[in-house]
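Subject: Structure handover

Hello,

Here is the structure for you to take over. Please open it first, then read my notes below.

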Protein chains: 2
Amino acid sequence: MLGVTILGNNSALPAFDRHPTAQVVTLDDHLFLVDCGEGTQVQLSKYKIRWGRINYIFISHLHGDHYFGLPGFIHTMGLLNRENDLHLFGPAPLKEILELQMRAAGTSLPFTLHFYALQGEGELVKTDKFRVSCFLTKHRVPCWGFKFEQVKAPRRINIEKARIHNVPAVFFDRLKAGDDFITGNGKVIKNAIVTDPAPKPKSYAFCADNQYHDEMISKVSGVDILYHEATYLKDLAERAASRFHATTHQAALTAKHANVKRLLIGHFSSKYDKLEIFEQEAKEVFPATEIALEGATYFV
Amino acid sequence: MLGVTILGNNSALPAFDRHPTAQVVTLDDHLFLVDCGEGTQVQLSKYKIRWGRINYIFISHLHGDHYFGLPGFIHTMGLLNRENDLHLFGPAPLKEILELQMRAAGTSLPFTLHFYALQGEGELVKTDKFRVSCFLTKHRVPCWGFKFEQVKAPRRINIEKARIHNVPAVFFDRLKAGDDFITGNGKVIKNAIVTDPAPKPKSYAFCADNQYHDEMISKVSGVDILYHEATYLKDLAERAASRFHATTHQAALTAKHANVKRLLIGHFSSKYDKLEIFEQEAKEVFPATEIALEGATYFV
């Protein structure tokens, strides 16, 4: 299971009761917080997210609308006596900022906070269940996107067929790994006969803030859901470029060329009260587009 | 005119839709922001406060629930092209924190931000209209309270009586200053005959976070409105002391001994859903007590 819950779909200026960027990615039973704009801890409570289970936080860049809620959230976890380690990935200066704030407050956290400074592109975490990697976006300050992927599951044993072909249970682990079984008299039981393929691993890419550029296409190629900012409507491509942001059409073009399954757009400028037109415009280029609505969860 | 509008009446943990500490003091046509917990900018908008007119911000101490909304608020003022100078008073490390955040974001503000590090006690600002001073409270980290006072107005001329006694208009400024008028033939017209006393200057004291201690009494003596935290009900005096906070009774005792006119209590612990009992308990000691309710303005 892979899904993303939107906590904030607005750009920097608060407006229309929309909130700055924050999302929770749920991958099987793991929760990841992606960006943490001011007010995120209240949004997490409002949408009843069991945030005690968040063990990884990813901060894309150090514009305030993407992390000003982080110090408060970390502090709240401390007050509530969190015990589990917390793994925080973000631009290098974030560590210094948090340390300075904690020193000034005389705060000592009751849990271990591991900080990992983002550098370049590549894998950040890998377990037997999931893999998170980062990639550079194009923005006014160093900025990263994140890709969340299920790790390829083992093949699934078809118990009935395995019995028919007399494959002993002790060989099942090797069946899962894809090996053929060879019987005592040398007969080969092809793996595909007694197993079913694993479900295709699911993937989600979060593009953070990003000025439209072609190199993004290969970075998010083929994901099941792509989140791409669409700060402006299509008529403001020039303004979008000058501010290192994207328009509806640009987000949709990226989705189309990257051949993703679905596109979610967000980070809407405070200029705009109504959001329907964002979806309409993006659909002109990429029909499988939805607006990222606060409180909604989008499942692969 | 002197009043205080409450934007947040809760302590550190968000709860029950109550917000962390922030208030706006209105003194004649001046607005002062006092503390700026996370979400303050949204609260300012919610309560329709014309925050473009806030030229002074006072931060009591560097626990997050008193300032984590400040970076976002300053940033928003920048995005909205504020031009007026902004004067910020707070504990010294706040400057470094803000500078680090602005550097990381590549932010350059379109207005001048003057930072003044709080040190000791005494006057912070004085104009011909108002005076703001700070005093130390007793807390786990360095913490200051703030006192806002109207500057004593000049005496008011009673035009009718001044005419009857033939005081020339050219002498009016000296009448306002309290001088007697001496006529050409040496007759003394006592100042009190031709002027009325100025209205008594109004005053408000904000005690920030404060463990109960006697020395506070003289610091806030005689103010029209005293805001004192009452994080806990009276039965938790021990916990209050251990966490450098106060109870309802302790806040009320301070108000009583300091002989203030009215007491406002706030900074309620997230343990408590209902607040009525806070008022009941404080009134047992100091009847002129009110609960600081978010969105409400308390005028002297």
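Start with strand S15 of chain B. S15(B) pairs with strand S16 (residues 262-266) of chain B over 5 bridges, in the parallel sense. One pair to look up: B:Leu226 sits opposite B:Leu263 in S16(B).

Bear in mind that this is a predicted model.

S15(B) has another partner. Strand S14 (residues 203-206) of chain B is joined to S15(B) by 3 bridges, and these two run parallel. Here B:Ala205 stands opposite B:Leu226 of S15(B).

Is S15(B) covered on its faces, or open? Both faces are covered. B:Ile225, B:Tyr227 and B:Glu229 lie on one side, and each is buried. B:Leu226 and B:His228 lie on the other, and they are buried too. For the strand, residues 225-229, that gives 5 of 5 buried.

Next, strand S1 of chain B. S1(B) spans residues 2-8 and is mostly covered, with 6 of its 7 residues buried.

Which strands does S1(B) pair with? Strand S2 (residues 22-27) of chain B is one, antiparallel, through 6 bridges. In that pairing, B:Ile6 is opposite B:Gln23 of S2(B). Strand S18 (residues 297-299) of chain B is another, also antiparallel, with 3 bridges. There, B:Thr5 has B:Thr297 as its bridge partner.

Best wishes

Key:
Residues numbered from 1 in each chain as written. Chains lettered and ligands numbered in written order. Predicted model: local features only at pLDDT ≥ 70, side-chain atom pairs only at ≥ 80, totals over all residues. Buried ≥ 20, exposed ≤ 12 C-beta atoms within 10 Å, placed from the backbone. Helix = DSSP H or I, 4+ residues; strand = E, 2+ residues; numbered from the N terminus. Pairing = 2+ DSSP bridges.
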